[in-house]
Amino acid sequence: MTITAPDRVETTIAPAGAKAKARRLPGEEGVWLFICGDMMVFAVFFLTFIYYRGLNPAIYDASQLKLNEFWGLINTLFLLTSSWCVAAAVHAARHGKEGLPTKFLVGAMVFGGAFVCVKIIEYGEKFAAGINVLTNEFFMFYFMFTGIHLVHVLIGLGVLTFLLNKSRKGYRSETDIQIIEGGGAFWHLVDLLWVVLFALLYLTR
Amino acid sequence: MNILKLRITWIWALLVAATCFSWESVQGFQLFSDVRWATALVMVVAFIKVRFIMMEFMEIRQAPLPLRIFADVWVAAVCTAILVMYWANAS
């Protein structure tokens with residue numbers, strides 16, 4: 001039977017036709033502690049930004065016009081698609097589809113890498129225009145938040161590389177599945193934080 | 001594995017559509033003459049997207065209750081706080 005204790009990782013597979021769907025934590029508990037902690041830190045970032053924006057909206061509005069919103073849109077689509085690839089890899093691993101997790105993880109890394117490339121181009125455009133972290137308060141927040149997020153993306157790409165190496169041996173045991181689930185959850189965190197950053201930095205008027 | 005039959009594929013399509021809608025609502029067709037409403041709409045759409053990513057991609061929908069509550073409270077609290085702080089200073 002299925003273990004349904006809310007704070008325990010599921011270790012058995014529910015029988016077909018089971019009425020109640022078991023609650024289970026995807027990945028390791030430690031990964032989720034880190035994810036929740038990171039979400040709290042970024043919540044403080046978001047609120048700090050909106051607070052200081054309110055003190056001097058004119059500077060923020062003028063500075064925001066210097067951002068290339070198209071790059072922001074493209075990068076959001078890249079991360080959403082990368083996230084889908086990881087979710088598909090987890091699904092394929094769970095259902096024992098040999099080879100498919102590898103393909104999806106490569107796809108996730110390609111879109112994640114594309115995000116990094118666009119970010120580098122975007123930073124390059126800003127530096128070429130004489131804009132940097134010291135330009136004003138808006139750009140201080142812009143470079144700080146997107147920079148910290150970029151570090152998350154790079155760590156995430158490292159995690160995906162690890163998962164890719166592991167996928168070549170196949171995801172066979174419950175522990176293997178937990179590893180890809182935990183790594184995937186971190187990548188989705190990177191995605192969701194960017195979704196809010198995109199709205200705050202690029203689209204707030 | 002038919003990816004079109006996967007729930008996550010439809011969620012991805014919804015997220016992409018919502019992203020383009022948010023971008024267009026600011027860039028192209030302007031739904032509101034007052035930018036504050038446009039910003040509020042963009043922010044609400046962003047946090048709806050965040051919740052979809054949490055529930056569907058991160059699979060928090062099927063996670064133990066404490067994690068679900070944390071995720072829902074985070075989305076509601078951060079979105080509300082941003083809107084209140086934005087509105088208080090924008091009016």
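Chain A contains six helices and zero strands, where helices (H or I, at least four residues) and strands (E, at least two) are DSSP runs numbered from the N terminus. Its pattern along the sequence is α-α-α-α-α-α. The model is predicted: local features require pLDDT of at least 70 and side-chain atom pairs pLDDT 80 or more, while totals for chains, interfaces and linings use all residues. Residues are numbered from 1 along each chain as its sequence is written, with chains lettered from A and ligands numbered from 1 in the order in which they are written.

Of the 205 residues in chain A, 39% are buried. A buried residue has 20 or more other C-beta atoms within 10 Å of its own, an exposed one 12 or fewer, and a partly exposed one a count in between, with C-beta atoms placed from the backbone. Contacts are pairs of residues whose C-beta atoms, placed from the backbone, lie within 7 Å. Among contacts in chain A between residues at least 6 apart in sequence, 74% join residues at least 24 apart.

Helix H5 of chain A covers residues 137-167. Its 31 residues reach 44 Å from first C-alpha to last, close to the expected 45 Å. The expected span is 1.5 Å times one less than the number of residues. Buried residues of H5(A) include Phe138(A), Phe145(A), His149(A), Gly156(A) and Leu163(A). The buried residues of this helix pack against H1 (29-55), H2 (57-64), H4 (100-128) and H6 (174-203) of chain A.

In chain B, the 23 residues of H2(B) should span 33 Å, and the end C-alpha atoms are 32 Å apart, which agrees. Among the buried residues of H2(B) are Thr39(B), Lys49(B), Glu56(B) and Phe57(B). The buried residues of H2(B) pack against H1 and H3 of chain B, and also against H3 (69-94) and H6 of chain A.

The axes of H1(B) and H2(B) come within 10 Å and cross at roughly 165°. Axes are lines fitted to C-alpha atoms, for helices over the stretch in contact, and angles run from 0 to 180 degrees between N-to-C directions. H1(B) and H2(B) are therefore roughly antiparallel. Angles over 145 degrees count as such, under 35 as roughly parallel, 65 to 115 as roughly perpendicular and the rest as oblique. The crossing of H1(B) and H2(B) is left-handed, that is, the near helix is turned anticlockwise from the far one by less than a right angle. Contact residues include Ile11(B) and Phe21(B) of H1(B), and Val45(B) and Phe52(B) of H2(B). By class, the contact of H1(B) with H2(B) has 14 nonpolar, two polar and three charged residues. Nonpolar covers Ala, Val, Leu, Ile, Met, Phe, Trp, Tyr, Cys and Pro; charged covers Asp, Glu, Lys and Arg; the others, Gly among them, are polar.

H2(B) and H3(B) pack at about 170°, with axes 10 Å apart. They are therefore also roughly antiparallel. The contact of H2(B) with H3(B) comprises 14 nonpolar, one polar and two charged residues. Glu59(B) lies in the loop between H2 (35-57) and H3 (65-90) of chain B. Its phi is positive, near 60°. Most residues other than glycine have a negative phi. Glu59(B) is buried, with 21 other C-beta atoms within 10 Å.

Between the chains, 42 residues of chain B contact 40 residues of chain A. H1 (7-27), H2 and H3 of chain B each give two or more residues to this side. H3(B) supplies the largest share, 13 residues. The chain B side has 33 nonpolar, seven polar and two charged residues.

Methods: Contact = placed C-beta atoms within 7 Å.
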